[in-house]
Amino acid sequence: ALGEMVLRAGMEINYLRPATGKALVARAQILSSGRKLAVVRCDVFASDGNDEKICSAAQGTITVATTR
């Protein structure tokens with residue numbers, strides 16, 4: 001775990017299609033986590049109850065904040 005003092009080092013969000021349907025479902029995962037850096041990803045799907053279609057994909061990088 002990186003701890004409580006972290007900063008966003010980078011973030012990218014790709015909007016792929018309109019989010020239409022009955023519900024939105026987000027699935028996130030940690031791609032890599034070390035002592036000072038973590039890379040995470042989150043995909044958001046629009047669901048109508050039977051089918052899901054991806055509507056956005058995001059990836060972010062966070063780093064440990066250093067105190068002076």
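**Reading the sheet and the cysteines**

Reply: Happy to! This open sheet has four strands in the order β1-β4-β3-β2, and their pairing is antiparallel. Keep in mind that the model is predicted.

Me: Which strands stand at the edges of the sheet?

Reply: β1 (6-15) and β2 do. Each has a single partner strand, so one side of each is left without a neighbour in the sheet. As for the twist, it averages 20° from one strand to the next.

Me: How many bridges join β2 to β3?

Reply: Ten bridges link β2 (residues 23-33) with β3 (residues 37-47), and the two run antiparallel. They form a hairpin, with three residues between them. You can trace the pairing yourself: V25 has F45 in β3 as its bridge partner, while S32 has V39 in β3.

Me: Where do side chains point in a regular strand?

Reply: In a regular strand they alternate between the two faces of the sheet.

Me: And how many disulfides are there?

Reply: The idea is to look for two cysteine sulfur atoms within 2.5 Å. Here the count is zero. C42 is in no disulfide, since the nearest cysteine sulfur, that of C55, is 9.9 Å away. C55 is likewise in no disulfide, with the sulfur of C42 as its nearest cysteine sulfur at 9.9 Å.

Me: Is C55 buried or exposed?

Reply: Under 20% relative accessible area counts as buried. C55 has 5%, so C55 is buried. C42, at 26%, is partly exposed.

Methods
Residues are numbered from 1 along each chain as its sequence is written. This is a predicted model: local features need pLDDT of at least 70, side-chain atom pairs count only at pLDDT 80 or more; totals for chains, interfaces and linings use all residues. Side-chain values use heavy atoms; hydrogens and water are left out. Two strands pair if DSSP finds at least two bridges between them. Buried means under 20% relative accessible area, exposed over 50%, partly exposed in between (1.4 Å probe, protein chains only). Axes are lines fitted to C-alpha atoms, for helices over the stretch in contact, and angles run from 0 to 180 degrees between N-to-C directions.
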